[in-house]
Amino acid sequence: MVVIKSKKFILRPYKKGDEKSLQKNINDKDIYKYTLRIPYPYTIKVAKKWITYCINESKKKTPKEIAFAIDINGDVVGAVGLHNIEKNHKAEIGYWMGKKHWNRGIMTKAVKLVTNFGFNKLKLRRIYANVFSLNRASAKVLEKNGYKLEGKMKDYHVKDRKLIDALLYSKLK
Ligand SMILES: CC(C)(COP(=O)(O)OP(=O)(O)OC[C@H]1O[C@@H](n2cnc3c(N)ncnc32)[C@H](O)[C@@H]1OP(=O)(O)O)[C@@H](O)C(=O)NCCC(=O)NCCS
């Protein structure tokens, strides 16, 4: 159970009881719009399923993903996760933040902490992210953390039956 503390928030694993605040903060069309795995509407049932999945995954010896809830005063206001983890090699980073906390530098700091965790604790060599090409805020978060643009992948994602270009960013240890 890894907990990382910063001045403004705590990064911690999801736990039972997070369903309500998770649902309240993530249930937003503007979060859905730029992500692939977050449904809209995001129901309490979906929140329960996700939290149970994360708790079970965290018990595994070699988890495929590690999710950190961003906790402010006990509420889950956002999250950062490492996905598709390939031991001692690479993982994908993904994140979302509840709208009322946007543009306060919180995700920039959270991505910094989780990137360091990936390199130092998981011994990863490469962390990468796929960002929808119109998602300037997300690209900015990565750039501020020293992630480099590797290229644009044309028609890479399908979202709501539309093809979307993605920017591939990575940071190497
Ligand atoms: C991307 C996201 C996580 C950013 O969270 P955040 O806590 O607001 O991020 P930060 O405050 O640390 O940094 C955001 C930066 O983007 C900038 N920004 C925001 N909107 C922007 C826009 N439309 N164009 C250009 N820059 C923009 C902010 O000014 C800030 O940069 P600055 O610190 O240099 O001023 C949040 O917007 C979000 O959850 N979006 C929806 C889900 C999503 O996109 N997830 C990532 C999928 S790859």
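**Notes on the predicted model**

1. Asn84 counts as exposed because it has 11 C-beta neighbours inside 10 Å; the cut-offs are 20 or more other C-beta atoms within 10 Å for buried, 12 or fewer for exposed, and partly exposed in between, with C-beta atoms placed from the backbone. Asn84 is in strand β4 and, although not a glycine, has a positive phi of about 50°. Helices (H or I, at least four residues) and strands (E, at least two) are DSSP runs numbered from the N terminus.

2. This is a predicted model, in which local features need pLDDT of at least 70 and side-chain atom pairs count only at pLDDT 80 or more, while totals for chains, interfaces and linings use all residues. Residues are numbered from 1 along each chain as its sequence is written.

3. Asn88 sits in the loop between β4 and β5 and counts as exposed, because 9 C-beta neighbours lie inside 10 Å. The peptide bond from Tyr40 to Pro41 is cis, with omega near 0°; Pro41 is in the loop between α2 and α3. Most residues other than glycine have a negative phi, and most peptide bonds are trans.

4. In helix α1 (residues 19–26), the buried residues include Glu19, Leu22, Asn25 and Ile26. Viewed down the axis of α1, the buried residues fall within an arc of 150° (taken from the directions from the helix axis to the C-beta atoms), so they line one face of the helix. Their cover includes α2 (29–32), α3 (44–58), β4 (75–86) and β5.

5. α1 and α3 pack at an angle of about 120°, with axes 9 Å apart; axes are lines fitted to C-alpha atoms over the stretch in contact, and angles run from 0 to 180 degrees between N-to-C directions. Glu19, Leu22 and Gln23 of α1 meet Ile44, Ala47, Lys48 and Ile51 of α3, where contact requires C-beta atoms, placed from the backbone, within 7 Å. These residues divide into 4 nonpolar, 1 polar and 2 charged; Ala, Val, Leu, Ile, Met, Phe, Trp, Tyr, Cys and Pro count as nonpolar, Asp, Glu, Lys and Arg as charged, and the others, Gly among them, as polar.

6. The shell around the ligand has 12 nonpolar, 6 polar and 3 charged residues. Its largest share, 5 residues, comes from α5.

Notes: Contact = placed C-beta atoms within 7 Å.
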